[in-house]
Amino acid sequence: MSTTPWSQARITPTAVAPPADHTAAGTALASLIARVCAARVLREHHIWEAVRILPEIAGLPDDIKQLPEFRRLMEKEAFTAALRLLAQSCQPARDIRDLDPQGDHWIATLTVRSALSQPRRRKLMRAEHRDPPAAVLIAVLSSTIRKARPFVHRRRKNAAVQKEFGND
């Protein structure tokens, strides 16, 4: 009589899709950020996963995978340069301003260019990791997260406004 271990009994013979294929882009993004943060060193598959997710959430062109320059950088394992190219290809473009060592970590600073109608507004993103390319990837991925600003009700303190509403 043969028994099947519990872990093998739960496996189904159907094809299993990668988790990011059937989840929302936001969930896939959060998952990738968590995996890169937990990784000791950035691996090539992390970048390819980012290339799969970024067209939907950051305006990355779909044909970036076929770009000869990007492929050449990935083959050389020049991950920081490849990530710089990815960041500049997003819409709006992202610029890696600094990649500085601080103790045993690297700090990547990235800016998101604003639209032409708002030339002065730039979003600044910082990320840190032990591996320089991982810090850059975390900053690029984090720059795509849109944070909703909560409505803040401010009380008017102008005496004339208070008098107008009878709140002397």
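Leaving aside neighbours within four places in sequence, Ser89 is in contact (heavy atoms within 4.5 Å) with Gly59, Leu60, Pro61 and Ile64. The model is a predicted one, in which local features need pLDDT of at least 70 and side-chain atom pairs count only at pLDDT 80 or more, while totals for chains, interfaces and linings use all residues. Residues are numbered from 1 along each chain as its sequence is written, and side-chain values use heavy atoms, with hydrogens and water left out. Ser89 lies in helix H5, helices being DSSP runs (H or I) of at least four residues, numbered from the N terminus. With a relative accessibility of 17%, Ser89 counts as buried, a term that means under 20% relative accessible area, whereas exposed means over 50% and partly exposed in between (1.4 Å probe, protein chains only).

We turn next to helix H4. In H4, which spans residues 68–75, Phe70, Leu73 and Met74 are buried. Seen down the helix axis, these buried residues fall within an arc of 100° (taken from the directions from the axis to the C-beta atoms), so they line one face of H4. Pro68 and Glu75, on the other side of H4, are exposed. The cover over the buried residues of H4 includes helix H3 (44–58) and helix H5 (79–89). Just after H4, Glu77 takes a positive phi of about 60°.

How does H4 pass H5, in a left-handed or a right-handed crossing? The crossing is left-handed, meaning that the near helix is turned anticlockwise from the far one by less than a right angle. The contact is made by Glu69, Phe70, Leu73 and Met74 of H4 with Phe79, Ala81, Ala82, Leu85 and Leu86 of H5.

How values were computed: Helices (H or I, at least four residues) and strands (E, at least two) are DSSP runs, numbered from the N terminus.
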